[in-house]
Amino acid sequence: MEKIRESARIQGMWRDNFILYRPMTYAKQKIAGATVLFCFLLLLGCDTGQEKIKTDCAISEGQCIKTAAADGTAATFDIQPKPVKTMTSLVFSVDLNKADRAVADASVTLALTMPGMYMGDNRYLLKHKGEGRYEGEGVIVRCPSGRKIWQAEVTITRPGHKSEDAVSARYIFEVEK
Amino acid sequence: MEAGYLLAFTTGLLGGFGHCIGMCGPLVASYTLHAGYSERTRSAFIPHLLYNAGRITSYASIGSFMGLTGTFLNSAGRLAGFQNSVSVVAGMVMVLMGLGITGVVKGISSFERHNSFILKAVKAVLESGSPWRYYPLGLLLGFLPCGLSYSVFIGAAGTGGFLQGMYFVSCFGIGTIPALFSFGMVMGYLSHKVRGRIYRAGGVVVIGMGVYFFVRGILSYAEL
């Protein structure tokens, strides 16, 4: 028992009541460490944490159209330039149409979030550029852990309506790094 | 502008529990396990206070830089190479910590024949008896690339001022303290309670996370 305690003390693993635990031999420690390291290296290429999230908008290939369910307003979402990359200056645009007429009097905000990871408040107020087109400039930040799927929520508020009556459309898309 | 500072603080508070613990928890666990546990409560939380102070100092410096330049993208581009290097160094430091925790390596002294400046600096941080060594550790690791902090830096660039940018990001950093500080204290308490193989297994996990940070930094550097 004295030899075990002495061995533990030399290896810097001395703790109170350590005598109750049998220290691993030096060789076993190396094997255990190498095994776990190997497993971690295998895992490095796996599981960015978003594999179960499905995108519904191929934003790097073109525009995405959705209907805001509450009042039937069609919202066409686009990002330029393409392909859509992180950490670059981007132009976000939303075209609003209702019953084949451009909606020119709405207040439109765009909120960017990352499903499964809180990335702060990325919210843009889009300005009306004419004929129902609303635009704004911004950046999609890079996630160093490798996640590339983002969600854009377009919230549309019409004049004379309360904020709780706002309608929204969501787009889930993948960006390039 | 006061609403903006409050928003930054709230972002840190929410992000601390929802983002920071997941992403930077391994770093906190690394230095906590490496530091061991002290019976004296006061000395138990000093490393965490100093680490977080160092981290916020880094954030504030980046925020002031962003506010001064008024642009996020140009500034972030200049910082990208440095941040990736920090990720590589952080990974190496974590691996060394993990090797020390598992007992595989007795200490930096094992590499004493490679008597470089970097090793001397790492040795001073990892093996110095002073709790103040956690401040430069936090200072370094505060520069790690992080998507959540990028979002805050965009806001700092929008303030358009050196002091405003610094204050904005500092509010964010202070908001993250409750989560990381409490996580560190819990890890310190648990490290005192667990013994033997479980403690060494924690060291092995630290080594693995160090490898992850190292590889991530190398891959990000290759993309530049």
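**Chains, surface and core**

Modeller: Read along the sequence, chain B runs α-α-α-α-α-α-α-α, which comes to eight helices and zero strands, where helices (H or I, at least four residues) and strands (E, at least two) are DSSP runs numbered from the N terminus. Please keep in mind that this is a predicted model, in which local features need pLDDT of at least 70, side-chain atom pairs count only at pLDDT 80 or more, and totals for chains, interfaces and linings use all residues. Residues are numbered from 1 along each chain as its sequence is written, chains are lettered from A and ligands numbered from 1 in the order in which they are written, and side-chain values use heavy atoms, with hydrogens and water left out.

Biologist: And what pattern does chain A follow along the sequence?
Modeller: Chain A reads α-α-β-β-β-β-β-β-β-β-β, with two helices and nine strands in its secondary structure.

Biologist: How many of the residues in chain B are buried?
Modeller: Of its 224 residues, 51% are buried, meaning under 20% relative accessible area with a 1.4 Å probe and protein chains only. In chain A, which has 177 residues, the buried part is 38%.

Biologist: Which residues form the nonpolar patch on the surface?
Modeller: The patch is formed by B:Leu6, B:Phe9, B:Leu13, B:Phe17 and B:Ile174, which together have about 450 Å² of accessible area. Such a patch takes Val, Leu, Ile, Met, Phe, Trp or Tyr residues with over 30% relative accessible area and no salt bridge, their side chains joined within 5 Å; a salt bridge is a side-chain nitrogen of Lys or Arg within 4 Å of a carboxyl oxygen of Asp or Glu. Helix 1 of chain B, residues 2-35, gives the most to the patch, with four residues.

Biologist: Now the inside: which residues have the most contacts in the largest nonpolar core?
Modeller: Those are A:Phe77, A:Ile140 and A:Phe173, in a core of 77 residues, defined as buried Ala, Val, Leu, Ile, Met, Phe, Trp, Tyr and Cys residues joined through side-chain atoms within 4.5 Å. Helix 3 of chain B, residues 72-102, gives the most to this core, with nine residues.

Biologist: What does A:Phe173 touch?
Modeller: Leaving out residues up to four places away in sequence, A:Phe173 has contacts (heavy atoms within 4.5 Å) with residues including A:Phe77, A:Ile140, A:Leu112 and A:Trp150.

Definitions and conventions
Buried means under 20% relative accessible area, exposed over 50%, partly exposed in between (1.4 Å probe, protein chains only). Patches are made of residues with over 30% relative accessible area and no salt bridge: like charges are joined within 9 Å, nonpolar side chains (Val, Leu, Ile, Met, Phe, Trp, Tyr) within 5 Å. Accessible areas come from the Shrake-Rupley method with a 1.4 Å probe; for residues, only the protein chains shown count as cover.
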